[in-house]
Amino acid sequence: MTDFKRDGSHLAYCPPVEKWDDWVELDPEAWPRRVEKHYQLVPTVCFNCESACGLLAYVDKETGEVAKFEGNPMHPASRGRLCAKGPATINQIHDPDRVLYPMKRVGARGDGKWARTSWDEVLETFATRIRKAIQEGRGEEVMYHVGRPGHDFIMERTLQAWGIDGHNSHTNVCSSSARLGYLLWHYADRPSPDHANSRFILLLSAHLESGHYFNPHAQRIIDGKMAGAKLAVMDPRLSNTASMADYWMPTYPGTEAAVLLAMAKVILDENRFDADFMRKWTNWEELEVDGFKAQGQSFETAIQALRKHYARFTPQFAEKESGVKAETIVRIAREIAAAGTRFASHLWRGSASGNLGGWQPARALMLLHVLTGSVGTEGGHNPNAWNKFVPKPFKVPPPQKRWNELLYPPEWPLCTHEMSFLLPHFLKEGRGKIETYFTRVVNPVWTYPDGFSWIEMLRDEEKIGLHAALTPTWSETAWFADYVLPMGFSSERHDLMSQESYAGKWIGFRQPVNRVLRERSGEKFEYTYQANPGEVWEEDEFWINLSWAIDPDGSMGIRQYFESPNQPGKKLTVDEYYGWIFDHSVPGLPDAAKKEGLTPLQYMRKYGAYEVTRDVYKQNEKALSSEELADSQTESNGVIKKNGKPVGVKIGDAAVVGYNTPSRKLELFSKTMADWKWPEFALPEYYRSHIHRGARAASIGEATEEFDPNYAPAVEWPEHARGNVYTLLPIFRLPNLIHTRSGNAKYLYEISHKNPLWINPVDARTLNVRTGDLMKVHTEIGYFVLHAWVTEGLTPGVVACSHHLGRWRVNKDEQVERMSSAWVDLTEVGKGQWKMRQLESVSPYQSPDPETKRVWWSDAGVHQDITFPVHPDPVSGMHCWHQMVRVQKADADDRYGDIFVDTNRSFEVYQRWKALTRPAPGPGGLRRPLWIPRVVRPEESAFYMK
Ligand code: SF4
């Protein structure tokens with residue numbers, strides 16, 4: 001097993017730190033001559049997915065240019081390794097088509113005419129509008145909408161300093177369902193599996209190629225496998241991960257919870273569960289199920305009630321639902337039980353984000369952990385909060401007093417994050433307007449479902465007053481902005497990163513490489529954009545300066561949060577901001593720095609990362625201190641409360657911190673679900689997804705008992721839709737692509753640039769289709785046309801098309817990503833009826849980068865997401881990505897890449913899904929339960945509906 005060592009000696013092939021100031025390599029371009037190249041190596045953090053791996057920028061000492069990026073061996077999570085996307089940062093920073101200067105629209109919105117402007121003009125324009133909105137009590141008309149997170153700390157600070165409830169995010173098209181499943185158990189909304197030390201790993205994801213916390217997790221899964229762990233993968237698609245597994249379970253999509261509950265039943269029935277753990281650490285005493293109340297009864301009777309409740313989940317039932325053989329289910333259940341406390345798993349997107357009720361697989365998966373006692377153990381599952389380090393900055397603004405219903409509407413009181421993908425429909429319904437809108441590294445026109453509704457919203461100046469797209473690259477959304485503001489890639493800005501990569505805690509420091517190097521040689525910069533390419537600014541400085549511009553004399557109470565902690569009244573610098581955090585909020589860092597004669601900031605600039613702690617297990621058993629116990633009361637159920645809030649729990653005689661739930665235990669029975677109008681889901685359950693075979697049968701008028709319109713909306717096909725009905729899997733990623741940001745990453749696009757329709761040979765025979773044939777795929781609101789790829793790599797009855805491809809542009813040559821997008825004709829042929837046809841695809845072109853003349857591929861893929869209606873899960877609020885589609889061979893007048901969408905139908909589908917919700921208020925007039933997390937949390941009074 002490879003273990004991280006602070007001196008980097010575990011990876012001898014990486015340059016040792018003492019040589020980072022003058023690292024010598026032979027110039028490959030000079031071969032066969034042996035010409036030495038001298039580099040200075042500067043650490044930073046990758047921005048190309050959420051994993052936040054450590055990068056080393058190799059700066060050519062002769063030219064001062066970054067020549068390449070490799071892994072930082074001093075980074076505890078990535079340990080010197082990267083996936084293909086990390087080194088491709090070099091393509092992003094040298095992209096000849098990237099946005100380098102602030103640009104302002106000069107024609108009508110969406111016309112694509114831009115002129116360069118200055119940062120001063122940008123600050124003045126936005127500050128004036130935002131100041132007015134805040135002063136007039138219209139703060140909620142200012143919205144910040146983030147895609148790829150990062151710089152969260154300063155953003156939360158900014159919005160709360162402004163006193164507004166204006167944070168929007170992409171999370172509800174990403175991971176909300178999995179989050180809800182996890183948080184109902186233990187408040188923490190993500191898993192942190194200890195793969196490296198486990199004996200059995202179950203993945204409902206494609207971790208070895210692309211999954212959440214991809215590279216840091218993938219290398220630890222391999223560590224675990226090399227130490228003897230077995231790997232099982234549940235995925236309808238034969239992913240590269242599934243191909244490396246001991247067991248592949250190609251479930252019919254949406255049936256995963258049935259398989260997991262069948263495994264739970266085997267473990268319960270065969271008495272293979274960890275009774276001691278369950279008795280101590282679940283809230284079994286609150287169990288109310290099928291007329292049984294555990295209160296006052298024994299643990300054994302509660303287990304009997306559970307057995308009875310889950311009796312219908314026989315392996316045979318699960319086989320019928322999922323297609324996975326009953327004997328495989330039984331065998332894996334027994335292996336999981338045998339692994340006991342060393343059972344690790346992961347679920348993030350996949351079944352969770354594809355399906356109606358996608359939060360149930362996460363709940364059912366956690367049930368397996370609870371049954372095996374593998375929560376908080378070596379080789380088991382940790383709540384993410386135990387393994388993610390969140391430092392506290394200085395002088396934190398108070399929470400805002402208001403609640404923005406455009407972000408958290410009453411219909412979805414249990415949504416984990418903002419209902420961002422419904423924004424166009426909310427505005428269409430007249431729920432509000434947006435006066436000033438910042439989109440930050442987010443491209444909803446392209447990455448969200450129903451992109452034409454986004455275009456309609458963005459071009460409407462009544463709905464969106466002023467729109468700035470903060471982005472490093474041109475995007476489909478930026479086309480409809482008023483300002484396009486260039487932001488930096490990994491090596492062009494500051495940020496703090498920490499993720500739950502393993503059973504430890506670390507913090508990474510993203511930094512602007514050019515500025516850091518030039519300051520090392522004595523140059524001074526007021527702002528990072530002065531050292532970056534063009535005028536690419538970093539967000540920290542942008543928000544600090546915008547806040548000063550809104551409140552120049554401090555009279556609004558905003559400026560105080562952006563003043564120097566050392567010199568009150570002076571503008572905060574990034575050195576002061578991060579320096580303060582490293583000095584005061586990272587345990588152990590000041591001492592580690594002192595040993596090397598460095599300040600904590602200098603230490604982080606030198607190494608780029610710091611491991612705060614490791615081997616973090618059983619945090620729930622931490623004893624409450626006497627201070628924490630002072631003035632507390634212990635209730636009859638053992639919950640210890642202080643000032644009316646649970647702070648711990650009695651386990652036997654010990655007063656311990658427990659989990660952050662109302663019972664302070666793992667919530668086997670969710671009183672929250674019962675209280676918030678979903679009593680039938682108080683326990684982990686399985687219910688049929690919107691793409692279940694029953695829903696498919698119902699959609700074409702076949703009689704079925706497997707479709708319940710109270711839980712899944714009926715599908716209404718448009719008149720033009722023809723062909724057999726299939727389930728489309730649209731969300732698997734190709735491991736080398738990065739949403740919009742891989743646009744002109746030439747190394748990545750050279751590897752993959754097309755997204756054909758995967759079809760199983762059984763279905764291909766039915767459809768009389770061969771690889772390469774042109775297919776028309778109908779959704780409920782339109783269609784798209786693409787090529788077929790016949791493959792045995794997915795289960796019959798299902799078709800698939802990869803995410804991340806199908807970029808397009810409306811301008812032929814200017815402000816575009818020419819390596820990755822097709823030039824299209826975009827026409828609204830009738831009200832809400834949109835057609836797109838590719839006019840020209842990718843071809844070689846002239847640019848400052850000579851390699852653009854050598855682009856050999858001629859396909860940019862097909863944009864499927866824009867043809868999907870919104871599918872908000874009635875409980876979690878997650879967009880349920882899987883689609884029921886009709887598939888036919890293309891008609892004679894169809895062309896590759898053709899798209900049609902009717903946004904009138906989009907709105908109707910939205911309303912059908914909304915009708916399934918059970919809106920707030922909940923108990924006590926609450927908008928949402930007080931105990932569950934909320935991003936940029938307002939003060940408690942805002943949680944009550946007036
Ligand atoms: S997994 Fe790849 S893309 Fe993600 S942070 Fe690591 S190197 Fe970057």
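This is a tutorial dialogue on reading the features of a predicted model.

Student: What limits apply to reading this model?
Tutor: The model is predicted, with local features needing pLDDT of at least 70 and side-chain atom pairs counting only at pLDDT 80 or more, while totals for chains, interfaces and linings use all residues. Residues are numbered from 1 along each chain as its sequence is written, and side-chain values use heavy atoms, with hydrogens and water left out.

Student: How many bridges pair strand 2 with strand 3?
Tutor: Strand 2 (residues 36-45) and strand 3 (residues 54-60) are antiparallel and pair over seven bridges. Within that pairing, Tyr39 has Asp60 in strand 3 as its bridge partner.

Student: Where is Pro32, and what kind of peptide bond joins it to Trp31?
Tutor: Pro32 sits in the loop between strand 1 and strand 2. The bond between Trp31 and Pro32 is cis, with omega about 10°. Another cis peptide bond joins Ala920 and Pro921, also with omega about 10°; Pro921 is in the segment after helix 27 (903-914).

Student: At what angle do helix 10 and helix 11 cross?
Tutor: The axes of helix 10 (residues 315-322) and helix 11 (residues 326-339) come within 8 Å and cross at roughly 120°. That makes helix 10 oblique to helix 11. Angles under 35 degrees count as roughly parallel, over 145 as roughly antiparallel, 65 to 115 as roughly perpendicular and the rest as oblique.

Student: Which residues of the two helices meet?
Tutor: Contact means heavy atoms within 4.5 Å. Pro315, Gln316, Ala318 and Glu319 of helix 10 meet Ala326, Ile329 and Val330 of helix 11. By class, the residues of this contact are five nonpolar, one polar and one charged. Ala, Val, Leu, Ile, Met, Phe, Trp, Tyr, Cys and Pro count as nonpolar, Asp, Glu, Lys and Arg as charged, and the others, Gly among them, as polar.

Student: How do helix 19 and helix 21 pack?
Tutor: Helix 19 (residues 574-584) and helix 21 (residues 600-607) pack at about 100°, their axes 8 Å apart. The two helices, helix 19 and helix 21, are therefore roughly perpendicular to each other.

Student: Which residues are around the ligand?
Tutor: A residue counts as near a molecule if one of its heavy atoms lies within 4 Å of it. Around the ligand are Cys46, Asn48, Cys49, Ser51, Ala52, Cys53, Leu82, Cys83, Lys85, Gly86, Phe214 and Asn215. This shell has seven nonpolar, four polar and one charged residues.

Key
Axes are lines fitted to C-alpha atoms, for helices over the stretch in contact, and angles run from 0 to 180 degrees between N-to-C directions. Helices (H or I, at least four residues) and strands (E, at least two) are DSSP runs, numbered from the N terminus. Two strands pair if DSSP finds at least two bridges between them.
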